[in-house]
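Hello,

Here is the structure for your files. My notes on cores and helix packing follow below.

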Amino acid sequence: MQNKGVIRLFAIVFALACIYQLSFTYVTRSVESDADDYANGDPELREDYLDSMRIEKVFLDSYTYGEVKEKEINLGLDLRGGMNVILEVSVKDILKEIANNTNNVVFNEALKLADKNAANSQDNYLDNFFAAFNEVNQERAANLKLSDPSLFGTKEMNDKLGFNASDDKVIAELNAQVNASVENVYTVLRARIDQFGVVQPNIQRLDDGGRILVELPGVKDPDRVKKLLQSTAELEFYELYEGYELLNFLVSANDRLRGLVENPRAGQVSQDSGVADVLDEFQAVNETVDSAVAGLDSTATEGDSLFADASADSTDALNQFNPLFEVFGANYDSETNQPRLGPIVGFSSVSDTDKVNEYLSNPRILALLPGNMRNMKFIWSAKPDENGLVYLLAAKTTRDGKAALSGDVVVDAKQDFNQMNDPIVTMAMNANGSSRWAKLTREAVGDPNNPDDNRSVAVVLDNLAYSYPRVNNEISTGRTEIVGSFTVKEAEDLANILKAGALPAPARIIQADIVGPSLGQEAITAGLWSFVIALGIVMVYMIFYYSGAGAASDLALIVNMFFIFGVLASVGAVLTLPGIAGIVLTIGMAVDANVLIYERIREELNNGKGLRLAIEDGYKNAYSSIIDANVTTFLTGVILYAFGTGPIRGFATTLIIGILTSLFCAIFITRLVFEARLASKKGVAFFTNATRNAFTKFNIDFLAKRKIAYTISGLIILTGIISLSTRGLNYGVDFVGGRSYQVRFDQPVNSVDIQTALGDFFVNEDGTKVFPEVKTIGEESQIIVTTKFKINETGPEVEEDIKNRLYDGLMSYYNEAPTKADFFSEASGASDIGVVAERQVGPTIADDIKSSAVLAIIFSLVVIFLYILIRFSKWQFSAGAVAAAFHDVLVVMSLFSLLYGILPFSLEIDQAFIAAILTVIGYSLNDTVVVFDRIREYFRTHNKKKGMHEIVNEALNRTLSRTINTSLTTFFVLLIIFIFGGEVIRGFMFALLIGVVVGTYSSLFIATPIMIDTMKKEKE
């Protein structure tokens, strides 16, 4: 074996890298275990402990708990609980806004036609609108151009494109403006997500059509999140008070709170409490506010530390209970005993802001404000600093509590560079905004001769301040530069936030999944059990069949699992329940490479070669089959990743990683073990007494039985086609749209009775009942309710209405009915009964999912056809392989059509089923390619006098041992997941079980016979 040293070095470095990446997960679990011990079952105490550890260094004296948590293995929502939401920005509303809400008949009819076409089109809404506009324009003979003044020929558009611009230019500009609007929504949503306090959130744009994916693991209040995600952006500008103006108020508030708040350490106050805690926790906090506006200068807070006491009697304060200063520090310089300049009132950790808000919103505390500050509101800075602190600002309001200026006056904002090539943000306002902005900045200037008297202005989005620069002079034109120590990315974000104030419409939820933590924990338990059992069975079987060589493959298998988890952690991939299934499936497929090698070595040994030469030739002769078989499966995994979303993409990720690491371990790790054994003058056994001659004496005439196989397959497929035409398939929410709720009861229930009863609650305005579909899932005390009631309507009010109807309709089926709060507490895990998971899919995205599924299957077959054509140089090989794969898909679909409603588990057609179909295609091709590879080899090496029939049969019989061993190990691995993996993926596993059996059959009796039958002539 050449380059042993390089391979050994690579394996060691790879292993060390995996250990390093997985250590973050270990440290995270260790800290959370300490939190569990500390909390003793109290969830609030646990959260408090973890919040206190967030900025503490816990690993290598370099990483805080918060940083370690970010680097742990990222569990999917189905394993840890949380919510997954796809939002769609209303491009229709953006177009109406750009056209100044025109009443033009052609425009409005085109919008209606675009709405209608969008439901059945894969094009984005903008392309549908342009097509609809051309159609309506032609029908009415209006001959309107898009730049017509009654359409998009507005002053703003003419300023950019010139008068009477061509349609092509207007289309390009509309695409740019719509894309910018979607980008603004994306920025606003990303900013809002920071408020939810979740770890490892994910937000990404899905395409150019306005869809945005948001994943929030562990979120506690999904209804609040839905409302925030769908609400319009609220951009405001406030003049700020100086921080020192609130110092006396803070001291008075702290004093009054002593009489309002119970002291948890009554009688136990020590010198280490109160302000000292604040000083210790927030030592060395430093914030320099460098932003400035074209005439706005940033001279806010500079210094090394902040101090939480405004009185001279700080020693006395330390000996008292200080409820406010326990959680809040004032902007005070303890070294100079002077307040700091700037608008910052004080600071707090993110976890303590709720408590500070509670204190400062108390009417008895607000009464302490001076009379000239009664029209004031407190606002927090948007993003924590490097120490996890956010800053409190005091904003001036009008008498009715509103901002001096709202964000709808901003007409443009962009990132730019000044003469010093520093990133800046430029902002322009309309005429109304310019005059009000001039008044606001004029009042903020104060004494022109004393810059220290100048106040700051805050840019506030959704009640969080993103910038609060100091004003140097009045800005009368409305054109403003915000200058500061920005990075380009920070300047782009601020520009998007400023533009967000002009968003014409909110985003709406078109797909949502919510999984409770209890269901997630059950999934983890089920997944781990299936993993351990499957791994154990495979390892025992390999030793039983291949003796010492089997032990080497077991070692490679363990190393492979270690590498898979290490890579998952290092690339930040999401591990989902189907992902665990993908890992377990990888166990079965990893064995295949070893089986191919070992069977080759056994053949060489039976041919009389010595052990060293047999090992060398066995590896060399197996490479071609291993590479081809794994590349075909890898390609299907890539296609699955490209077309899938959420948990299905997690399955594809682990499958792809597993294939790559399995190849390395099977080929190199086992080879290193054998080389070490041979170098030590030790032998390696590749069989036991019971398996020495297993599967070696078969001489089956497979080709002679092909007509029987064609008949059997034809009858099964014909029956399936009849069933597909009559019964159809049991389409899930993914494909038809609607809402589904997984509900648990405290006693067994009858799904038919519930379905009938719910019809009385889901009633349309015209009085017609909408009966939901109700199915038992797993135990008789658990059901899934799927309804299309108000399928085309979205929004918090609609969600609340549907949930009320569901709650009212199900309460009579409980022995002890839960409260509504407990019934819908799936995200917080407060109750073990009620809704444990919910899903919402709009009709438009359901149509897209269906189309993507069909395209994924067709595309995978085409890609495989081309790959096999390139590798085997004859289209007959491609035809046989693709025909067999298509045969396997039809058989699986036929059985799902025939058996749904009969078997005691769900056979629903959803995205997981499409993943199963693609996996079946990959497995079928894996098996077929191994057989084809041996046939190709025999065509080159065997006596030309032998007929093609004889050569092919000999190749099939010589690969039978590998076929049976791989199929058995894979089948039993899948069977373990099917039994122990949980109800959620049982239908998914059932499809794969069918696929393994049918794939093995088709590689022998369908793929090869079709390949032979399509040859132009058969050589006898």
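A crossing is left-handed if the near helix is turned anticlockwise from the far one by less than a right angle, and right-handed if clockwise. The model is predicted: local features need pLDDT of at least 70, side-chain atom pairs need 80 or more, and totals for chains, interfaces and linings use all residues. Numbering starts from 1 along each chain as its sequence is written, and side-chain values use heavy atoms, without hydrogens or water.

Helix packing

H29 passes H30 in a right-handed crossing. Helices here are DSSP runs (H or I, at least four residues), numbered from the N terminus. H29 packs on H30 (residues 948-958) at about 135°, with the axes 9 Å apart. Axes are lines fitted to C-alpha atoms over the stretch in contact, and angles run from 0 to 180 degrees between N-to-C directions. H28 (residues 875-899) and H32 (residues 986-1013) pack at about 145°, axes 8 Å apart. H28 also passes H32 in a right-handed crossing.

Cores

A nonpolar core is a set of buried Ala, Val, Leu, Ile, Met, Phe, Trp, Tyr and Cys residues joined through side-chain atoms within 4.5 Å. Buried means under 20% relative accessible area (1.4 Å probe, protein chains only). The largest core has 133 residues; Tyr-598, Phe-674 and Ile-868 are among those with the most contacts inside it. H29 (residues 911-941) gives the most to this core: 17 residues. A second, separate core has 54 residues, including Leu-246 and Tyr-466.

Best wishes

Methods
Buried means under 20% relative accessible area, exposed over 50%, partly exposed in between (1.4 Å probe, protein chains only). Helices (H or I, at least four residues) and strands (E, at least two) are DSSP runs, numbered from the N terminus.
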